[in-house]
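Have the structure open and work through each exercise before you look at its solution.

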Amino acid sequence: MLDVAVQTEPGWPDHDWDAIGAKAAAAAVAQTPYGYLATSDAAIEVAVRLTDDAEVHQLNAQYRQKDKPTNVLSFPMIEPDLIESLTQNSDDGEVILGDIILAHGVCAREAEEKGFTVEQHATHLIVHGVLHLLGYDHQGDSEAEAMESMERAALATLGIPDPYLIREE
């Protein structure tokens, strides 16, 4: 089963972020070959931190050598090819998949640019982050297309429009 814990820092709008995080993570996982994680006997843990741009800026500089805030950072705790064996052989029935961190200011600006609510865009970023935790990336065109396709499908199940469509002004 997926166990998503969301920690919200001041500045984020009031929403049931735990429910949003859980739904986003489940939707993302369902689009992958790891869909069984949602019903696994093991507790598959994902931590989501909703924080400010300054904290994400510091983490981005420290871990990615990029001196700026970004919308989402993902920190996987296990290699994707080990997920199945860990869920079957976990000593305590818990597997920590990883951490996802969102920057409020960046998220809010991007949401406004896309015509989305902060809640919708944060949901997209959590889906995106979970896919990263599962080993997906967007370095090349084919990887980006595959990952975006999974994101679109996951978001569609949540009633969120395609975030990659270019808005007509």
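The exercises below look at ring pairs and at a helix contact in this predicted model.

**Exercise 1.** Find how the rings of W12 and W17 are arranged.

*Solution.* Start with the search of the whole structure, which finds two aromatic pairs. For W12 and W17, the ring centres are 5.6 Å apart and the planes stand at 85°. Planes over 60 degrees apart count as edge-to-face, so this pair is edge-to-face.

**Exercise 2.** Describe the pair formed by Y63 and F75, and say which parts it ties together.

*Solution.* First, the geometry: the ring centres of Y63 and F75 lie 5.2 Å apart with planes at 70°, so this pair is edge-to-face. Next, place the residues: Y63 belongs to helix α2 (residues 53–64) and F75 to strand β3 (residues 72–76), so the pair ties together parts twelve residues apart in sequence. Last, the accessibility: Y63 has 48% relative accessibility and counts as partly exposed, and F75, at 21%, is partly exposed.

**Exercise 3.** Work out how helix α1 and helix α5 cross.

*Solution.* Two packed helices are described by the angle and the distance between their axes. Here the axes of α1 (residues 17–30) and α5 (residues 118–133) come within 8 Å and cross at roughly 45°. That makes α1 oblique to α5. The crossing of α1 and α5 is right-handed.

Now look at the contact. Residues of α1 including W17, I20 and A24 meet residues of α5, among them V118, A122 and I126. The contact of α1 with α5 divides into twelve nonpolar residues, two polar and one charged.

Conventions. Residues are numbered from 1 along each chain as its sequence is written. This is a predicted model: local features need pLDDT of at least 70, side-chain atom pairs count only at pLDDT 80 or more; totals for chains, interfaces and linings use all residues. Side-chain values use heavy atoms; hydrogens and water are left out. Rings of Phe, Tyr and Trp (its six-membered ring) pair if their centres lie within 6.5 Å; planes under 30 degrees apart count as stacked, over 60 as edge-to-face and the rest as tilted. Helices (H or I, at least four residues) and strands (E, at least two) are DSSP runs, numbered from the N terminus. Buried means under 20% relative accessible area, exposed over 50%, partly exposed in between (1.4 Å probe, protein chains only). Axes are lines fitted to C-alpha atoms, for helices over the stretch in contact, and angles run from 0 to 180 degrees between N-to-C directions. Angles under 35 degrees count as roughly parallel, over 145 as roughly antiparallel, 65 to 115 as roughly perpendicular and the rest as oblique. A crossing is left-handed if the near helix is turned anticlockwise from the far one by less than a right angle, and right-handed if clockwise. Contact means heavy atoms within 4.5 Å. Ala, Val, Leu, Ile, Met, Phe, Trp, Tyr, Cys and Pro count as nonpolar, Asp, Glu, Lys and Arg as charged, and the others, Gly among them, as polar.
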